[in-house]
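Visitor: Good afternoon. I am new to this structure; could you walk me through it?

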Amino acid sequence: MSTELAKETRAAPTRRRGRTGDLLVRWSFMVPAILLLAVMLAYPIFYTIDISFSRFDLSSFGAGAWVGWENYIEVIDDYRFWESLRVTMVYLVIALPLQVVLGFGIAFLINAEWAGRGVIRALFIIPMVVAPVVAGGMWRMILDPLWGILNYWLGFIGIGPLDWFGDPTLAMAAVIIIDTWRWTPFIVLIATAALLALPKDVFEAAKIDGANWWSTLWSVAVPLLVPVIAATFVIRWLGAVKMFDIVLAATYGGPGKATNVINLFIYEEAFRSLRFAESAAMAVIVLIVTMVLTGLFLYGSRKLEELF
């Protein structure tokens with residue numbers, strides 16, 4: 001007994017050294033990624049935060065005299081900042097639910113057995129590979145009030161011509177249409193993969209019970225897909241909140257400021273008005289708001305996963 005105890009005592013430090021060495025080896029593989037993230041992500045964030053509390057020195061292109069919360073107070077008192085936030089929220093509130101509903105609805109339709117669905121699936125990938133600036137320019141030609149093809153088609157049913165980029169409401173609708181055209185296929189791909197992963201016996205049981213396609217969708221597929229829908233919404237939210245390039249190419253924030261989303265407003269203030277310190281303060285505020293809302297969405301997503 002004493003011999004076995006002595007062997008265990010001698011072996012314990014060896015096992016600890018083995019575990020420590022294994023841990024060091026694992027972390028060594030992560031060092032390149034950590035350094036890359038520190039350079040590409042952490043440094044710009046801390047640089048922006050530093051500028052937001054200082055006066056910006058154009059000669060050194062860096063932080064100058066410390067001014068504390070002065071830039072933040074100036075931003076909060078700027079009605080244009082709140083107006084651009086309002087425009088961004090209008091876009092997000094309409095575009096995100098629309099894209100999620102369309103994406104999962106289209107995925108359910110093309111997942112059914114019918115001829116040519118493989119070709120349709122392949123065609124849905126095209127909008128995703130089109131550059132945002134190209135998509136904005138292309139849709140600007142399609143929606144042109146004089147020679148755009150959409151107004152030409154609408155003329156056959158007695159509508160139009162509509163001034164898509166001259167009317168504030170239609171301009172926001174145009175931005176939502178372009179963004180939905182570009183990003184709905186991404187949700188379709190996620191939804192299609194999720195539908196293919198669902199257990200087939202559940203759908204077979206619903207078919208045996210006489211459920212039609214609507215009952216199968218609403219009572220069988222949707223409850224099973226709720227966690228995936230919530231996760232997809234969060235993923236798409238993180239992309240949509242960065243909306244910039246499509247608006248820049250299609251409307252440039254117009255007419256007036258009707259489509260002037262927050263990222264475009266920050267860009268204009270920084271690189272056209274040269275208000276880098278104030279723009280940095282805006283960026284920090286937007287980052288904090290985005291992090292808080294993302295945390296709430298993730299919390300809600302986990303709750304939905306527990307319920308379903």
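**Thr251 and its surroundings**

Guide: Not counting residues up to four places away in sequence, Thr251 touches Arg140, Phe165, Ala171, Val175, Ile246 and Thr259. Please keep in mind that this is a predicted model.

Visitor: Where is Thr251 placed?

Guide: Thr251 sits in the loop between H11 and H12.

Visitor: And is Thr251 buried or exposed?

Guide: Thr251 counts as buried, because its relative accessibility is 13% and the cut-off for buried is under 20%.

Visitor: What else is found in the loop between helix H11 and helix H12?

Guide: Pro255 is found there, between helix H11 (245-250) and helix H12 (262-271). A cis peptide bond joins Gly254 and Pro255, with omega at about -5°. As background, most peptide bonds are trans.

Visitor: Let us turn to salt bridges. How many are there?

Guide: The count comes to eight salt bridges. Asp78 forms one with Arg80, where the closest N and O atoms are 2.9 Å apart. Glu269 also forms a salt bridge with Arg80, with the closest N and O atoms 3.2 Å apart.

Visitor: Which parts does the pair of Glu269 and Arg80 tie together?

Guide: Glu269 lies in helix H12 and Arg80 in helix H3 (residues 79-110), so the pair ties together parts that are 189 residues apart in sequence. Glu269 counts as buried at 5% relative accessibility. Asp78 counts as buried at 10%, whereas Arg80 is partly exposed, with a relative accessible area of 31%.

Visitor: Which salt bridge does Asp179 form?

Guide: Asp179 forms a salt bridge with Arg236, and their closest N and O atoms are 3.0 Å apart. This pair links distant parts of the chain, 57 residues apart, with Asp179 in helix H8 and Arg236 in helix H10. Both Asp179 and Arg236 are buried.

Visitor: And which residues are joined into one network?

Guide: Salt bridges that share partners join Glu74, Asp78, Arg80, Glu269 and Arg275 into one network.

Visitor: What does Ile187 contact?

Guide: Leaving aside neighbours within four places in sequence, Ile187 is in contact with Gln99, Val100, Gly103, Phe104, Thr232 and Arg236. Ile187 lies in helix H8 (residues 168-197). At 0% relative accessibility, Ile187 counts as buried.

Visitor: Moving on to helix packing, at what angle do H10 and H13 cross?

Guide: The axes of helix H10 (residues 213-240) and H13 cross at roughly 170° and come within 8 Å. That makes H10 roughly antiparallel to H13, because angles over 145 degrees count as roughly antiparallel. Among the residues making the contact are Val226, Phe233 and Trp237 of H10, and Leu293, Phe297 and Leu304 of H13.

Visitor: Now the surface. Which residues make the nonpolar patch?

Guide: Val119, Leu123, Ile125, Ile126, Val129 and Leu189 make a nonpolar surface patch of about 540 Å². Helix H4 (117-123) and helix H5 (126-129) are the elements that give two or more residues to the patch. Leu123, found in helix H4, counts as partly exposed at 46% relative accessibility.

Visitor: One last topic: which residues other than glycine have a positive phi?

Guide: Phe61 has a positive phi of about 50°, and the phi of Leu274 is near 60°. Phe61 is found in the loop between strand S1 (54-57) and strand S2 (62-66), and Leu274 is in the loop between H12 and helix H13 (276-307). Phe61 is partly exposed, with a relative accessible area of 45%; Leu274 is partly exposed as well, at 49%.

How values were computed
Residues numbered from 1 in each chain as written. Predicted model: local features only at pLDDT ≥ 70, side-chain atom pairs only at ≥ 80, totals over all residues. Heavy atoms only, no water. Patch = residues over 30% accessible without salt bridge, like charges linked within 9 Å, V, L, I, M, F, W, Y side chains within 5 Å. Areas by Shrake-Rupley, 256 points an atom, 1.4 Å probe, with all protein chains shown as cover. Salt bridge = Lys/Arg side-chain N within 4 Å of Asp/Glu carboxyl O. Helix = DSSP H or I, 4+ residues; strand = E, 2+ residues; numbered from the N terminus. Buried < 20%, exposed > 50% of the residue type's maximum accessible area, 1.4 Å probe, protein only. Axes fitted to C-alpha atoms, helices over the stretch in contact; angles between N-to-C directions. Parallel < 35°, antiparallel > 145°, perpendicular 65-115°, else oblique. Contact = heavy atoms within 4.5 Å.
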